[in-house]
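Hi,

I'm passing a structure over to you, along with some notes on what turned up in it. Please have a look at the model below and then read on.

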Amino acid sequence: MTSLPPAVRRLLPWLLGWWAVQAVLAVTGRLVARRKDEGDESTAGIRRVVVVGGEELRPVHPELSRVRLDVLMGGVRLDLTAVPKVPGGVDLTVRASMGGVGVRVPAGWHVWWSCRGVGGVGVAEGADLFTTDDERGADLRVHADLLLAGVGLETAPQDDSWGR
């Protein structure tokens, strides 16, 4: 330890402390996820807790009604392109802090969103979806509570090259 430069010796405890916090958050997050996660990609309702990590969801249930994502220092990719238009629409609830959610929406869907907190919901340039003020008539309703986080909406490219 004495062979390290003084600046590195002063920085090392902070780095080790940060890594320890990350490890505690990751383990705690996995334990909470085991209790709180609901459903899978073939069910009409899905809930996921993601802490210090990432997850990719591709729901396929033709009557998908809700997806809830709780994200802390992580990210989720949600691909809704395998879901047909659902009568009554799909509710997506996102609670995120220092993380993000990327949502792939089928082309032509009507999307409504409500966002509270420090962060935002954005639509990718050139995305073939329609934003609407009619919450009840929307195909996808995004309810977002964000703290230094974001939700990105995009449509699938025509060649369907997004990770398939």
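**Pocket, patch and salt bridges**

The largest pocket holds about 160 Å³ of space. Please keep in mind that this is a predicted model. Two or more lining residues come from each of α1 (6-36), β1 (45-51), β3 (66-72), β5 (90-97) and β9 (140-155). Of these, α1 gives the most, with four residues. By type, the lining of the largest pocket has ten nonpolar, three polar and three charged residues.

On the surface there is a nonpolar patch made of L11, W14, L15, L16, W18, W19 and V21, which together have about 800 Å² of accessible area. One of them, L15, sits in helix α1. L15 has a relative accessible area of 34%, so it counts as partly exposed.

Now for the charged side chains. Side chains of opposite charge can pair when their charged atoms come close. In this model there are eleven salt bridges, and three of them may interest you:

- R66 with E38: the closest N and O atoms are 3.2 Å apart. Because R66 is in strand β3 and E38 in the loop between α1 and β1, this pair ties together parts that are 28 residues apart in sequence. Both ends are partly exposed, R66 at 37% relative accessibility and E38 at 36%.
- R58 with D79: the N to O distance in this salt bridge is 3.5 Å. R58 belongs to the loop between β2 (54-57) and β3, and D79 to strand β4 (residues 75-79), so parts that are 21 residues apart in sequence are tied together. R58 is partly exposed at 23% relative accessibility, whereas D79 is buried, with a relative accessible area of 1%.
- R68 with D70: here the closest N and O atoms are 3.6 Å apart. R68 is partly exposed at 25% relative accessibility, while D70 is buried at 8%. Through salt bridges with shared partners, R47, R68, D70 and R95 form one network.

Methods. Residues numbered from 1 in each chain as written. Predicted model: local features only at pLDDT ≥ 70, side-chain atom pairs only at ≥ 80, totals over all residues. Heavy atoms only, no water. 1 Å grid on protein atoms, 1.4 Å probe; cavity = no way out; pocket = protein on both sides within 12 Å on 5 of 7 lines; lining within 4 Å. Points joined across faces, edges and corners; volume = space filled by probe spheres on them. Nonpolar A, V, L, I, M, F, W, Y, C, P; charged D, E, K, R; others polar. Patch = residues over 30% accessible without salt bridge, like charges linked within 9 Å, V, L, I, M, F, W, Y side chains within 5 Å. Areas by Shrake-Rupley, 256 points an atom, 1.4 Å probe, with all protein chains shown as cover. Salt bridge = Lys/Arg side-chain N within 4 Å of Asp/Glu carboxyl O. Buried < 20%, exposed > 50% of the residue type's maximum accessible area, 1.4 Å probe, protein only.
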